[in-house]
Structure formats: C-alpha cells, structure tokens
Amino acid sequence: MEKARIRFLPDDITVEAEVGQLLLDVALEAGIFIPAACGGSGACGQCKVRVAEGSVEILQIEKIRAEARAEGYVLACQSRLTGDVVVEIPKAKLGRKVIPRDEAQRMRATAKPMESPVIPEINPMTIRVLMEPPVPTPEDNLSDYERVLRTLKTDHDVFPVTASLDVLRDLPQNVRKENWTVTACFELEDVPCPDRDAKIYRLGRMAPGHLHEPATALAVDIGTTSLWGELVDIDAGTVLARASRYNPQISMGDDVISRIVFALKKDGLEKLQRHVVRGLNEIIDELLQKTGMSRESIGYLVAAGNTVMTHLLLALYPKFLREAPYVPAAQYVGSVPAVSLGLNLLPHAFVKVFPGVASYVGGDIVSGVLANGMWDSDEMTLFIDIGTNGEIVAGKRDLMMTASCSAGPAFEGGGLEYGMRAAPGAIESILIDPETYEPMIKTIESKPAMGICGSGIINVISQMLTIGILNQNAKYNENVSTDRIRAGRSGREYIISRAEENALNQDIVLTEVDLDNILRAKAAMFSGYTCLLDKIGVDVHSLDRVIIAGAFGSFINLDYAVTIGLLPDIPREKFSFIGNSSLKGARLAVLDRKLFEKSREIARAMTNVELSEDPSYMDNFMAALFLPHTRAELFPSVRLG
Ligand code: FES
C-alpha cells in the first residue's frame, strides 16, 4: 500500500496514512477533531478543510461554494488521499485543547485482523457424478435403480449407495429425459473405518443430462440478533456472495431467555421456528439474486448458532435449557432435509447444524473455535465472542474450558435506546472534542446515522470517561456544562447526533439506562474470563494471545475497550480480531466435511463451566461494576482526566 504524509494545521500534527484513505478517517484515527455531524455522508457540510499544499481526489462537491473551492476548500469526508498533503482545519483555533499525541496514537491501537489459520481442503459434503448407464435391452433388463447402481460401482467406484423413495419415484423419467445421460448428486457420509476411508453415498437427486452450473452450498450463522449467510462455490472454494438480516425472532424477545419463554407459549415454538426460517429464506433469495445462481445449485446448508437458536431452528423443545441442570434436547442431530424445516430449497438439499457443548455454549462457539484454530495450537489462548450472550473459551490444544457469561446484547446494540447492529448507518467511530464536548462521528459506509453499534458504544464511553463527561459509576458528571447533556426520559443523556443531522429525524442519545446496561455487560464479560482463567490456573499475563470475535463495525479499538474494563490490560500486540468466527467456521465446514467432523471432536473436548454456580463469579462481577474496575491496579495503562 502506498503511503502519504498528511500535515494538519494549525495543530501541526503530521501523520502517515494510506493513499486512497478519506481525510476524515485519517483525522479521526489521528485524534484530530474536525466537525463532522452526518457520519461522513457529505450532507452536513461541516467537515470543511482547506488543502494548503498538495491535492486530493474529490468525490462530491455540492456542499462547497465555487469561490471556496477555488481557495482549496474541500469536504474531508469526500476527499481521498492521492499523495502528501497539508491540510488546514479552519474552525480550529490555535492553542485549543487537542488530544495528546500519545493518546491519539493509542486511538489507533486496533486489534489486528485475523484470518482463520485453518486451511480447508476442497472436500465438500456432496459430489456429482456424470454417468451413462447402458440402455435396457431384453438381455439386460435390470431395474432402473439397479442399473444405475451397477454403473456407479463399475464405472465410477461409487458404492455403497442409498436412495430415498422420492428419488426412486422420479428415477424412470429422469434417466430417460436425456437418453440415459444423467448427473447423480450425492450426500457423502464418512464412516469411521480403521483401515480405509469409507463413505456412504446418499443419492439426493438424479438430474437429466450434464449439470454445468457450479455446485453451491450455504454457510449460515444464526445469531440471536442477526442472521448471516454466504453462498459458496464448493468446487472453486470461493464465497460468491454474503447477506445478512436481523433475526426476525427479535419481535418475540431480545435474548435467549425471553425466546425460550416465548417458545413455551401456545404455538410459540412453531412461530419462532417459522420466523427464523423466514429470515433464512430471505437471505437465500438475496444471495441467489446477487449471484444469478439457481436454487437447484444449492446442495446443503451448514448452520452455526447458539444452543437456543439451534433448538428453535430445529423446533426442539427448549424448556429444559433454562432449568437446572440445563439439559439440551440434543447436541447434534445429523443431516436434516432442508424442506422439512420450511427452507425454500429443493428436496435434495440438506442441513447440518454444528454441535453444541452445553445449554449456553453452542455450535456458534464450536464453529468459532474451529475457525480460530486454538484446537490445534499450543499457545495459551483466550477466545472472547462478544455477541448477544458473551461466550468465552480459554486454553489450547487438549485443554479447552468454556463458559457463557449472560452479558446480554448491549455490545450488539441490543437493549439500548439507539443501539443497532453493525450495519450501514451505524455510528462506529466517535471522537469527542475535549474542549467543546462536540462529537465527530463516522458511520458504517458513511450513510446518514441511524443508531450506534458496538464499536461506537465502546468508543464513546471510553472517551467520555477519559475527558470527564462520565464518572466511574457510568453516570454523567453534573459539573460538565454542555447542551449535549440533558435530562431525558431515562435519566440524563448525551446527544450523539442531533435530529436534523441523521436519518432518524430524532436525537440519537446515550442514556444513563443504556450506560448501566453496558456496565453490566462488560462486568459479566470481565468476570466470566477471570473465573475461567482461574479454573485453568493462569492469569491474564500468562496468555499468549486473545482472539476477539463479535459483530463490531470494524476492528475493535483495544485501548477504548481496555479503558472501560472490558478487555484485560495486557500488551496490545497479543490481541487479534477474527470478526464473525461462527460464520467463518461454517464456511470451513461447507468446504471441507472433515472439518465439520473435527467440530464434533472439538465440542466433545471442551469442558463447560456453569458460572452461575461459581461463587467467585458474582464477587468478580460486583467488583467490575465500575469503570474500568474497582481495583485500578488491574488496569495500569488507563489514565483518567
Ligand atoms: S459533510 Fe462531511 S461529515 Fe458531514
């Protein structure tokens, strides 16, 4: 990547950035405040700066008058770097408070992105065999099915084969439609066998002629808040398209407990099952529309979800998941016909669901562990999935302990007045001017703001704490005077985006009730991993690495997360961010069925710890209800103003 040097005046701060980056992003990362109220969409016209030396690529000019343009004024959110440049911020007065340089540097400390270290072989769960059984004659009058079986065995070494009655019913027409040229589509099942690779071939479909369209499959993450899906070309090993939706079950409860409660009402389980399938069907439609692939091309779907989501997808009775001793109906169910779940796929398509570990540590975590590779590593690892529930895994090869911390969905934006998931229009980055308390906001895809997502929430709380807007009990400081803080319906609130500057036409605020939710969520996470590491007998300083997964807008800012006491205060280079690890694991399993089998071993190898039965969990939780923590010595790098 080509680099450029950007000198900001009047503060005279020079930073390096990549050619192609937007000026507003560069300023935000460098801790240089430029008024920016519309999230970078180009609508508010506030982020005007003057290019004093050098030039930039301008994306949009509407908000700048011609005379100002002639003087070199541009919108920082609409200007891409093409090389070295000197930029003057007109509204900044010399001598004002600026973010200290070391603090600005810390702002850039994001967890390094992590790709899965697991390399799949192209070893999908289905295969196609193009075959040409001989035409029946008086001398060779075997039945159609036996004829097909004979050709498969002798010409293609494919045996043993099983077939459903549905396939047999259509077989006579299908083999004759293209004069006995036919493509047989199989689901493969590996059979453990000591001396050879044995398989069973389940005949799912007999397609007349030669199928030229690529074979595809779906990788799906069923989150409590969001559904994600990918359409994968299983021969080329490539992702063709990706789509996501809110989980439509949200209208029946924000979290897993309220979903279970709803499931126990009359017709509740059926309704929940129908809703999640509706969401998945919409995702499938979108993926097909984006790629132009046909529905027939999809041979299977691999789903990873928490145990409650898995139960609800399969319509398994979930009552006992929430009653001691917390027993699931089943941890693994094998292959399920997709149509039997209501999925809008063809009869040959089947569904495989990742196995879970316990009632509150499900297939999404197993899939995440598969993707992050800790099952095959000697590095002592802490894996934290900051999703709706907050699951953690600690350990390494041969020793993995796991727990769920009931953190709630606050870091996915759930339960907050203006919280939203990381989607276009979500405020993901904020810089608060330490003098005026005005926020500079950046939204995902620079769309007009619609709410705030996890990374934005961590970002804003940490800064409010650092500059004194917020006290360590997560209450607004009464001595701070700004019209951004006012009394609202749920206590005092800070206005992040004013009604006239966002897509909602109402003020986007962070209330003290929101702050309390976040405080509890972070205390639950902290307490959870502290207890788990205690059980393994290591402390945070003995960790080789921390892998973070979750639905954050972009990479999580480590210092902000440490400042609020969410992540341990250890060297930042030990952190990496893997994104949606559940989806990544599902993709691996789609491509390589041996990895799906590996996930079953991983699930069996993980030891679940019930935190609710551990007295130290509550002690740790209470101690963590403070920013960053009641024991300041646990967070030595955090300096509050
Ligand atoms: S116009 Fe650039 S942030 Fe609004």
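This is a predicted model: local features need pLDDT of at least 70, side-chain atom pairs count only at pLDDT 80 or more; totals for chains, interfaces and linings use all residues.
Residues are numbered from 1 along each chain as its sequence is written, and side-chain values use heavy atoms, with hydrogens and water left out.

**The three-stranded sheet**

I then looked up the sheet around that pair, taking helices (H or I, at least four residues) and strands (E, at least two) as DSSP runs numbered from the N terminus, and counting two strands as paired if DSSP finds at least two bridges between them. The sheet is open, has three strands in the order β23-β22-β24, and its pairing is mixed. Its edge strands, each pairing on one side only, are β23 (439–443) and β24 (451–452). Strand β22 (residues 426–432) pairs with β24 in the parallel sense over two bridges.

**Helices across the sheet**

For the packing of helices I used contact, meaning heavy atoms within 4.5 Å, and axes fitted as lines to C-alpha atoms, for helices over the stretch in contact, with angles from 0 to 180 degrees between N-to-C directions. Helix α10 lies across β22 and β24 and runs at about 15° to β22, whereas helix α1 (residues 23–30) lies across β22 and β23, at about 125° to β23.

I also checked burial, where buried means under 20% relative accessible area, exposed over 50%, and partly exposed in between, with a 1.4 Å probe and protein chains only. Helix α1 is largely enclosed by the rest of the structure, because seven of its eight residues are buried; among them are Leu23, Asp25 and Ala30. Gly31 follows α1 and has a positive phi, near 75°.

**Gln463**

What does the side chain of Gln463 make a polar contact with? Gln463 sits in helix α10 (residues 454–466) and, at 5% relative accessibility, counts as buried. Its side chain makes a polar contact with the side chain of Tyr560, at 3.2 Å; I took such a contact as a pair of N or O atoms within 3.5 Å, where within protein one must be able to donate a hydrogen and the other to accept it, and residues adjacent in sequence count only if both atoms are side-chain atoms. Leaving aside neighbours within four places in sequence, I found Gln463 in contact with Ile430, Leu431, Ile432 and Tyr560.

**Backbone entries**

I kept in mind that most residues other than glycine have a negative phi, and most peptide bonds are trans. Glu445, in the loop between β23 and β24, has a positive phi near 60° and is exposed, with a relative accessible area of 54%. Ala474, in the loop between α10 and β25 (485–488), has a positive phi near 65°, but counts as buried at 3% relative accessibility.

I noted a cis peptide bond between Phe159 and Pro160, with omega about -10°, and placed Pro160 in the loop between α4 (144–156) and β10 (161–163). A cis peptide bond also joins Leu627 and Pro628, with omega about -5°, and Pro628 lies in the segment after α15 (615–623).
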